[in-house]
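The following note sets out numbered points for a colleague examining this structure.

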Amino acid sequence: MKRTLAALLSAFGFVCFQGNAIAQEYEGCFLIDPAGNIIDLGDLCPSNPPPAAAEPTSTPSPTRTSANVAQVPIVRRMSGIPVVHVNFNGGQRFEMLLDTGASNTVITQEMARRLQVERVGNIQIDTASQRNVNAEVGLISSMELGGIVARNVPVTIAPETLEIGLLGQDFFGRYDLTVRENVIEFARRN
């Protein structure tokens, strides 16, 4: 009986939802089709409300508008530059500037201390205001933003003067970015 039901559901999904659909990690019983439309599956699991009934949080959650596009909320802006929340090592979250001009991701000394980053070397870097600045390099187990995950990421550990980290091209360089008023869209290149 279970195999028959599973086969029927698979066939139903194939016929009705041809194309890719993505599963969500948010509460509720629903499906998001390739166009980003939410399909309520409440009849299949009535104990879970659809996503529209979920309680609002203080910080909007990242969403996917299609299988290849993620929207990440802009927390605030510093001198016009978007600030986003980035999750490190599966648990700790830090605000970072989305710096399209930065080649590499840079974390602060405080971030390095809290994440217990293993230092693996030193490099000379050029900043917007200085040349040949000595900086340490550390290794981060994982970084996540809007479902985009990077593992074993080498990061630059900035001198004490940096107050907020910079998310650089080494993290999001495989994506086309669209910066909107309140969100940044990351579209994966094929």
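Helices (H or I, at least four residues) and strands (E, at least two) are DSSP runs, numbered from the N terminus. This is a predicted model, in which local features need pLDDT of at least 70 and side-chain atom pairs count only at pLDDT 80 or more, while totals for chains, interfaces and linings use all residues. Residues are numbered from 1 along each chain as its sequence is written, and side-chain values use heavy atoms, with hydrogens and water left out.

1. Backbone at Gln 116. Gln 116 belongs to the loop between α2 and β9 (118–125). Although Gln 116 is not a glycine, its phi is positive, at about 55 degrees. With a relative accessibility of 70%, Gln 116 counts as exposed; the classes are buried for under 20% relative accessible area, exposed for over 50%, and partly exposed in between (1.4 Å probe, protein chains only).

2. Backbone at Asn 89. A positive phi of about 50 degrees also occurs at Asn 89, which is not a glycine. Asn 89 sits in the loop between β6 (81–88) and β7 (92–98). Its relative accessibility is 34%, so Asn 89 counts as partly exposed.

3. Salt bridges at Arg 113. A search of the whole structure finds 6 salt bridges, the criterion being a side-chain nitrogen of Lys or Arg within 4 Å of a carboxyl oxygen of Asp or Glu. One of them joins Glu 110 to Arg 113, with the closest N and O atoms 3.5 Å apart. Both residues lie in helix α2 (residues 109–115), 3 residues apart, about one turn of the helix. Glu 110 is partly exposed at 40% relative accessible area, and Arg 113 is partly exposed at 45%. Arg 113 also meets Glu 160 in a salt bridge (3.5 Å, N to O). This second pair links distant parts of the chain, 47 residues apart: Arg 113 is in helix α2, and Glu 160 is in the loop between β11 (148–157) and β12 (165–167). Glu 160 counts as exposed, at 55% relative accessibility.

4. Salt bridge at Arg 189. Asp 176 and Arg 189 form a salt bridge whose closest N and O atoms are 2.7 Å apart. Here too the pair links distant parts of the chain, 13 residues apart, with Asp 176 in strand β13 (residues 175–179) and Arg 189 in the segment after β14 (183–188). Arg 189 is partly exposed, with a relative accessible area of 42%, and Asp 176 is partly exposed at 41%.

5. Aromatic pairs. How many aromatic pairs does a search of the whole structure find? The search finds 2, where rings of Phe, Tyr and Trp (its six-membered ring) pair if their centres lie within 6.5 Å, and planes under 30 degrees apart count as stacked, over 60 as edge-to-face and the rest as tilted. Phe 88 and Phe 94 have ring centres 5.6 Å apart and planes at 75 degrees, so the pair is edge-to-face. Phe 88 is buried at 0% relative accessibility, and Phe 94 is buried at 7%. The rings of Tyr 175 and Phe 186 are also edge-to-face, because their planes stand at 80 degrees, with centres 6.3 Å apart. Tyr 175 is in strand β13 and Phe 186 in strand β14, so this pair ties together parts that are 11 residues apart in sequence. Both Tyr 175 and Phe 186 are buried.

6. Buried position Ile 164. Ile 164 lies in the loop between β11 and β12 and is buried, with a relative accessible area of 10%. Its C-alpha atom is 8.8 Å from that of Met 111, 53 residues away along the chain. Leaving aside neighbours within four places in sequence, Ile 164 is in contact (heavy atoms within 4.5 Å) with residues including Arg 76, Met 78, Val 83 and Thr 108.

7. Buried position Thr 156. Thr 156, in strand β11, counts as buried at 4% relative accessibility. Not counting residues up to four places away in sequence, Thr 156 touches Asn 104, Thr 105, Val 106, Ile 107, Ile 123, Ile 125, Ala 135 and Glu 136.
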